[in-house]
Amino acid sequence: MKAILSSSHSIKSPKFATLTVMAATCAMLLSAPVNAAETDATATAVPSAMDSSKRVIRLARPNAAISPAQANAAQTSLPATPASNSQPTNAQTTNMQLSGTLQNNASVSTAPPQTPQMMSPAAAPVMNGTTRVYEPGPMTATGIDLRSGQLPNIPTPQVQLSDMSFVKTVLIPQQKGLGTDKLDVSLLDDFIADVSPNARHYPPNFPNRTQRHYTREKIKVLADWIEPYAKSPNASYDVLLRAAKLNGMGRNLDLGSDYTVRGGQYVDRAIKLQPDSGEANFLYGMMLSEGGGFKEGQKYLDRAVALGYTEAEQSLAQSDLLSDRRSNALERLRRLEGQYPNNTVIPQQIKLVEEGKFYIWDIPAPDISVKPGA
């Protein structure tokens, strides 16, 4: 009896060994393309950035999936599973276990991602590898009636919206050159445009101390946010210009000498990238002249005037006034008043000079409403 069992065992062992080798070979063949697809999918980095409200902005991309050729190969080829250490009772059981296990594996790896139950195919987002820019548009969605699933004894929330406003999406290149990641500076640009009339020039002027305090605190946060991008040797012109504006306003609001140094460095690099930028030349000339460097700042202001930047002439008038050339300042401002009769600021500046004042930007500040927080 022992001899018969031993003989039977010796007959089944080669079959099991053959099945094990086949299973391992098939596993290697099938796993290679799948692993390669996963490697290729993760090799492409997803650019990301964080805007001034701490939102993460990412580029959309398709989910990593097996190509159609690989899917057909997985369906037509014999699936495989890792060899088991346990010895099967017969060849038929072993084949059934291998087939069942590998069919489950194939269904898991090739199944498309599930979509939410309440989302129709037409409403599903299209992942096309591009950044989406949202613009304000008509609000036509009817929403969901929360009362349909309201729990008993819990009051229904009542919400009303009013005084809605939209901020246009602004994306800028993070670094110079093509194919660079984008930064969402929508809220940053909105803030700069809001407070520039109050804080761009010295002395800054605010409607009240609360708004001055909120502006100071917000400049700190935004300057810290853009600092790593601006410090990069390959920082783009758009990044450098915004960093210079923030640090220049920080200098005017007495946030420290670091803001003065950084503002000058960033605008100098911006001019090197775009020498014919009227705004960059104006910013540098204004920073230098309002900081006491009248001679150094004049060449940049003259360059900005030649490029058609009107505000640069006002800064030249300020430089004349602080250099004891009051008549030159008045002559320049009166000439500007004739060129731009709709400008309401220039007549106020002329009045300040005629009254013997020394700062033409010390005029009543426009009322702003800077909110606390970043």
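Let's start inside helix α10, where Gln 314 is found. In this predicted model, Gln 314 has a relative accessibility of 5%, so it counts as buried. Setting aside its neighbours within four places in sequence, Gln 314 is in contact with Leu 336, Val 345, Ile 346, Gln 349, Ile 360 and Trp 361.

Some of these partners will return below. Leu 336 is among the buried residues of helix α11, while Ile 346 and Gln 349 are among the buried residues of helix α12.

## The chain as a whole

The chain holds 12 helices and 4 strands. Of its 374 residues, 32% are buried.

Contacts can also be sorted by how far apart the partners sit in sequence. Among the contacts in the chain with a separation of 6 or more, 63% are between residues 24 or more positions apart.

Helix α11 runs over residues 326–339. Its 14 residues span 20 Å from the first C-alpha to the last, close to the 20 Å expected at 1.5 Å a residue. Which residues of α11 are buried? They are Ala 329, Leu 330, Arg 332, Leu 333 and Leu 336. Viewed down the axis of α11, these buried residues fall within an arc of 165°, so they line one face of the helix.

The face turned away from that buried side of α11 carries the exposed residues Ser 327, Glu 331 and Gly 338. As for the buried residues of α11, they pack against α10 (310–322) and α12 (345–354).

## Helix α12 joins in

What do the buried residues of α12 pack against? Their partners are α10 and α11. The residues in question are Ile 346, Gln 349, Ile 350, Leu 352 and Val 353. They cover an arc of only 160° around the axis, so they sit on the same side of α12.

After α12 comes Gly 356, which has a positive phi, near 90°.

## Where α5 meets α6

The crossing of α5 past α6 is left-handed.

Who makes the contact? From α5 come Ile 219, Leu 222, Ala 223, Ile 226, Tyr 229 and Ala 230. On the side of α6 are Val 239, Leu 240, Arg 242, Ala 243, Leu 246, Met 249 and Gly 250. Sorted by class, the contact of α5 with α6 has 11 nonpolar, 1 polar and 1 charged residues.

Apart from its neighbours within four places in sequence, Asp 189 is in contact with Val 170 and Arg 242. Asp 189 has its place in helix α4 and, at 22% relative accessibility, counts as partly exposed. Although Asp 189 and Val 170 are 19 residues apart along the chain, their C-alpha atoms are separated by 7.9 Å.

Glu 296 belongs to helix α9 (residues 294–306). With a relative accessibility of 45%, Glu 296 counts as partly exposed. The C-alpha atoms of Glu 296 and Gly 285 are separated by 7.5 Å, and the two residues are 11 residues apart along the chain.

## Backbone details in the loops

Finally, a few loops deserve a look. In the loop between α4 (186–199) and α5 you will find Pro 203. The peptide bond leading from Tyr 202 to Pro 203 is cis, with omega near 0°.

Where is Asp 254? Asp 254 is in the loop between α6 and α7 (257–273). Its phi is near 60°, a positive value in a residue other than glycine. Asp 254 has a relative accessible area of 53%, so it is exposed.

Asp 324 lies in the loop between α10 and α11. Is Asp 324 buried or exposed? With a relative accessible area of 68%, Asp 324 is exposed. Although it is not a glycine, Asp 324 has a positive phi of about 65°.

Notes
Residues numbered from 1 in each chain as written. Predicted model: local features only at pLDDT ≥ 70, side-chain atom pairs only at ≥ 80, totals over all residues. Heavy atoms only, no water. Left-handed = near helix turned anticlockwise from the far one by under 90°. Helix = DSSP H or I, 4+ residues; strand = E, 2+ residues; numbered from the N terminus. Contact = heavy atoms within 4.5 Å. Nonpolar A, V, L, I, M, F, W, Y, C, P; charged D, E, K, R; others polar. Expected span 1.5 Å × (residues − 1). Buried < 20%, exposed > 50% of the residue type's maximum accessible area, 1.4 Å probe, protein only. Arc of directions from axis to C-beta.
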